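Okay, thanks for coming, everyone. Have a look at the sequence and the model while I talk.

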Amino acid sequence: MIMSKLIVYGEEGSLLEEVSDFEGISRRLSEIGVLFERWEPKISLSVEDSEDRVMEAFKEDIDRLMNEYSFKSCDVISLTPDNPKKEELRQKFLDEHTHSDFEVRYFVYGDGVFYLHPNDKVYVVHCEGGDLISVPPNTPHWFDMGSEPNFKCIRLFTTPEGWVAQYTGSDIAKRFPRYEEIVQLG
Ligand SMILES: [Fe+2]
């Protein structure tokens, strides 16, 4: 049972809406140009699987998005709580930033929280294994993997340089609940 959720806040911090059903999350996010899909592996996977095997399990979905959005490459990354750089890696994405690239992440397993700030609202999405989310180009956002990150993700890229973060300089991320608080809500 996947327990993903979307919490919408006003940018000043007022709670506007909580959505936990897939259709509802997908519909609201599509209104701001964000893809939210659920993928199933076509072969059974385990935590130790190679990048190639993970790609094979999701080949149809990966190919569909590659064709539809002209992605040039994709890879698989994973992070576990024993990573000595986990705090540094967490910090890197915790401040509001944009990319010129379309950022797409599929969670093979594990979880993380995306914060999207496309207008005067902040859309907080707790993604879990099975979820795919996109961040449209130039949309202010940040990401929190928590203090004990544990996930494996497929990433799709249009250009390698496009993924470099441009920080907006805003401190808005500091005023919103972090990963630990979000996963406990609801
Ligand atoms: Fe980002």
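I'll go through the aromatic rings, then one serine.

Quick housekeeping: this is a predicted model, where local features need pLDDT of at least 70, side-chain atom pairs count only at pLDDT 80 or more, and totals for chains, interfaces and linings use all residues. Residues are numbered from 1 along each chain as its sequence is written, and side-chain values use heavy atoms, with hydrogens and water left out.

So, rings. Rings of Phe, Tyr and Trp (its six-membered ring) pair if their centres lie within 6.5 Å; planes under 30 degrees apart are stacked, over 60 edge-to-face, and the rest tilted. How many aromatic pairs does that rule give? The count is 13. Take F114 and F143: their ring centres sit 4.7 Å apart with planes at 45°, so we call that pair tilted. F114 belongs to strand 6 (residues 103-116) and F143 to strand 9 (residues 141-144), so the pair ties together parts 29 residues apart in sequence. Helices (H or I, at least four residues) and strands (E, at least two) are DSSP runs, numbered from the N terminus.

Are those two buried or exposed? F114 is buried, at 2% relative accessibility, and F143 is buried too, at 9%. Buried means under 20% relative accessible area, exposed over 50%, partly exposed in between (1.4 Å probe, protein chains only). Elsewhere, ring pairs join Y9, Y115, W142 and F176 into a cluster.

Now the serine. S30 is in helix 1 (residues 22-30) and is partly exposed, at 46% relative accessibility. Its side chain reaches the backbone oxygen of R27 at 2.8 Å.

Methods. A polar contact is a pair of N or O atoms within 3.5 Å; within protein, one must be able to donate a hydrogen and the other to accept it, and residues adjacent in sequence count only if both atoms are side-chain atoms.
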